[in-house]
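Let's take a walk through this structure together. Have the sequence and the 3D view open side by side as you read.

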There are 2 protein chains.
Amino acid sequence: MEELKTFPLFNTCTDEELQELLQSPHRREEYVAGDLVVNAGTPCRSLMLLAQGTVETRMGGANGREVVIEQMRSPTVLAPAFLFAEDNTIPVEVSMRTDGVVWYINREAFFNFMTQHPHVLRAFLQTLSARSRFLSGKVKGFAVKGLRDRVLDHIRKHDTITNVSETAEQLGVARPSLSRVLAELQADGLVERINLSNNVKAYRAVIQK
Amino acid sequence: MEELKTFPLFNTCTDEELQELLQSPHRREEYVAGDLVVNAGTPCRSLMLLAQGTVETRMGGANGREVVIEQMRSPTVLAPAFLFAEDNTIPVEVSMRTDGVVWYINREAFFNFMTQHPHVLRAFLQTLSARSRFLSGKVKGFAVKGLRDRVLDHIRKHDTITNVSETAEQLGVARPSLSRVLAELQADGLVERINLSNNVKAYRAVIQK
DNA sequence: GGTAAAGTGTAACACTTGTTACGAGGGCGT
DNA sequence: ACGCCCTCGTAACAAGTGTTACACTTTACC
């Protein structure tokens, strides 16, 4: 299918190679916004490819607190790190943020496909590595920095903040706390409040010289 | 070499197969306790195998605060997640905690070796996945739990705590804070203080029914 | 246009953790 | 036995964040 060719994993593959992969067990599932794609604790037996839409991954705590880890847009491989793990239960909850499509491809078939197509293997290893690096950064962020720095990092990555509540959730922080820090950063001249073209208020980092 | 056969990565390999791998560029380096193995920011161009000894990985923050991420005993693959990454700079500092030995094996040679020996590929994917899972747990620990729960988790994993300072460092927490929490947990009956056979004091989790 | 809902800023207070300081106990060499 | 050094417990205070509450604005919808 054309959908699969949008993945970096397969962008070096010919149509014939993809046809070969699709001769093994697979399915294509459509979801609507809000659907739960995988529940935390589910074992991962198939390669999951988000071909359309945006998902949100959450990690739930025992005490009811939940932290949004990240949002991912298609095309993306979902949970690549648990496909071949010894303990292959997925520790996060994945739900659709928009309507979307997910492909499920048999694990062993994909494994064999990789052994026969080194460029796919390499791309998969890169995907896996990128996730590890992402998590490393996450750990560093949580372990090393105060909220002020976390907020500044977040603004620099996203350019602006237009929705305080949502941002607070993404950062795993209470909303009033974020409000307070934003006010402080504004007082310190590190962040400014601007009006976007659509007349929406936003926070933006002040350009430092 | 016999050292390599201790690795889960290679324990399904015959001597001939290992000989084949060792025909490509590689080296074996010996370190003494305290040596720096990789500095944060170094690009990763070789497969690194810790064949003897124990290492400590640290992640440094900009503000000088440092958090010990983990200790690893041989045999272990060091930084497997950065070998094939697009950005293959290693974000952590690795230093020897004891004397030790590290093998360096050419990346491309190892890649080809994996494509020709699927059982090695599978083992490597498992290694990579295990690290991802470890980091996931780390994130969850930092994001979701208070110090009390982090300490309880740590005790359950390690059975006992015999060195408060060291444990505090591993948890990324100030020593007096850990002391205080231990005292609280003790008061709540969740942790008890015992005497080991060698007359050393230790903290241990109370068995819950 | 009016009303309800959602998003936002702000303040007061509680809770957790870091910081600093001090004293008690144990190992070890002289 | 003495002193030194290290680890540990404890206390008082500071700093950061969560919680709750309330008023204000904007948005959505009828």
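Before we start, a word on strands: these are DSSP runs marked E of at least two residues, numbered from the N terminus, and two of them pair if DSSP finds at least two bridges between them. Keep in mind, too, that you're looking at a predicted model.

With that in hand, go to chain B. You'll find an open sheet of 3 strands there, in the order β9-β11-β10, with antiparallel pairing. The edges are β9 (160-161) and β10 (191-195) of chain B, each pairing on one side only. Now follow β10(B) to its neighbour: 5 bridges tie it to β11(B), residues 201-205, and the two run antiparallel.

Next, look for the helix α6(B). It lies across β10 and β11 of chain B, at about 100 degrees to β10(B). That helix also turns up by the DNA: α6(B) gives the most to the surface near DNA strand D, with 5 residues.

So who else is around DNA strand D? Of the 15 residues there, L147(A), S177(A), S165(B), P176(B) and S179(B) come nearest. The elements giving two or more residues to this surface are α7 (175-187) of chain A, plus α5 (164-171) and α6 (175-187) of chain B. By type, the surface splits into 9 nonpolar, 5 polar and 1 charged.

Finally, step back to the two chains. The same surface serves both copies, as 100% of the contact residues of chain B recur in chain A.

Notes:
Residues are numbered from 1 along each chain as its sequence is written. Chains are lettered from A and ligands numbered from 1 in the order in which they are written. This is a predicted model: local features need pLDDT of at least 70, side-chain atom pairs count only at pLDDT 80 or more; totals for chains, interfaces and linings use all residues. Two residues are in contact if their C-beta atoms, placed from the backbone, lie within 7 Å. A residue is near a molecule or strand if its C-beta atom, placed from the backbone, lies within 6 Å of it. Helices (H or I, at least four residues) and strands (E, at least two) are DSSP runs, numbered from the N terminus. Ala, Val, Leu, Ile, Met, Phe, Trp, Tyr, Cys and Pro count as nonpolar, Asp, Glu, Lys and Arg as charged, and the others, Gly among them, as polar. Axes are lines fitted to C-alpha atoms, for helices over the stretch in contact, and angles run from 0 to 180 degrees between N-to-C directions.
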